[in-house]
Amino acid sequence: QMAAPAGLRARRELESRGLSAETIATFRYGYAPAGGRDTLQAWFASKKVPLALQLKSGLVIDREGRTVDRFRNRLMIPIVRDTGSVVAFGGRALEEGQVPKYLNSPETPIYTKGRTLYGLDVTKAAVRKHNYCVLVEGYFDLAQVWQAGVQPVVALCGTAFTTAQARTLKR
């Protein structure tokens, strides 16, 4: 979720790409605050989510014996199954020189990048209706193509188009 003023830089990043408020809302872009290293971990703890599960999700990581949030000061892109469940995140750096530029959730029991097609939750009806699909490389490529009116579009979650992704599209 984007909160002002913390998410203002993230909103500017999205607007600089020409994305409309509708597109931003459709793809549920958000913001991971720059603040402390344990903002998400504290929220999980308040909801009584066990630390082991936080670590298994990949949203919290172990750094030299200290647990910290994986995503900080990043524009957040939820990666969603075609059924609508969020299974992972991509996080785009917001500061000049912040590395890596894109930080992604690790593969987990519920997320395998080679089996996932980004945006299919939004575009699957158009893919079925038109009986074709435009494949693009990245999250924002998809958003811009979709916003321009090409609705049957998906992006790869990775650098290669896999057999599993092809099967998903065929289905």
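User: In what order do the strands of the open sheet of three strands stand?
Analyst: In this predicted model, the pairing within the open sheet of three strands is mixed. The strands β7 (117–118) and β8 (134–136) stand at its edges. The order is therefore β7-β9-β8.

User: Why is one side of β7 and of β8 left without a neighbour in the sheet?
Analyst: Both strands stand at the edges of the sheet. One side of each is left without a neighbour because each has a single partner strand.

User: Which residue of β9 is the bridge partner of Leu117?
Analyst: β7 pairs with strand β9 (residues 153–156) in the antiparallel sense, over two bridges. Within β9, the bridge partner of Leu117 is Leu156.

User: How far apart in space are Ala166 and Leu117, C-alpha to C-alpha?
Analyst: Ala166 lies in helix α7 (residues 163–170), whereas Leu117 has its bridge partner in β9. In sequence, Ala166 and Leu117 are 49 residues apart. In space, their C-alpha atoms are separated by 9.5 Å.

User: Is Ala166 buried or partly exposed?
Analyst: Buried means under 20% relative accessible area, and exposed means over 50%. Ala166 has a relative accessibility of 31%, so it counts as partly exposed.

User: Which residues does Thr108 touch, not counting those up to four places away in sequence?
Analyst: Thr108 is placed in the loop between β6 (102–104) and β7. Its relative accessibility is 14%, so Thr108 counts as buried. Not counting residues up to four places away in sequence, the residues touched by Thr108 are Lys56 and Ser57.

User: Where is Asp121 found, and what is its relative accessible area?
Analyst: Asp121 belongs to helix α5 (residues 120–130). Asp121 is partly exposed, and its relative accessible area is 24%.

User: What is the C-alpha to C-alpha distance in space between Asp121 and Gly84?
Analyst: With neighbours within four places in sequence left aside, Asp121 is in contact with Arg28, Val80, Arg81, Asp82 and Gly84. Asp121 and Gly84 are 37 residues apart in sequence. Their C-alpha to C-alpha distance in space is 5.7 Å.

User: Which residue in the turn between β2 and β3 has a positive phi?
Analyst: Strand β2 (residues 60–63) pairs with strand β3 (residues 66–69) in the antiparallel sense over four bridges, and Ile61 has Val68 as its bridge partner in β3. The two strands form a hairpin with two residues between them. The residue in the turn with a positive phi, of about 50 degrees, is Glu64.

User: How does the radius of gyration of the protein chain compare with what the globule rule gives?
Analyst: The protein chain contains seven helices and nine strands. For 171 residues the globule rule gives 16 Å, and the chain is close to that value, so it is as compact as a globular protein of that length. The radius of gyration of the chain is 17 Å.

User: What share of the contacts with a separation of 6 or more comes from residues 24 or more positions apart?
Analyst: Of the 171 residues of the protein chain, 42% count as buried. Among the contacts in the chain with a separation of 6 or more, the share from residues 24 or more positions apart is 57%.

User: How far apart are the mean positions of the positive and negative charges of the protein chain?
Analyst: The chain exposes about 9700 Å², of which carbon and sulfur atoms supply 52%. It carries 25 positive and 14 negative charges.

Methods:
Residues numbered from 1 in each chain as written. Predicted model: local features only at pLDDT ≥ 70, side-chain atom pairs only at ≥ 80, totals over all residues. Heavy atoms only, no water. Pairing = 2+ DSSP bridges. Rg over C-alpha atoms; globule rule 2.2 N^0.38 Å. Buried < 20%, exposed > 50% of the residue type's maximum accessible area, 1.4 Å probe, protein only. Contact = heavy atoms within 4.5 Å. Areas by Shrake-Rupley, 256 points an atom, 1.4 Å probe, with all protein chains shown as cover. Lys, Arg positive; Asp, Glu negative; His and termini not counted. Charge placed at Lys NZ, Arg CZ, Asp CG, Glu CD.
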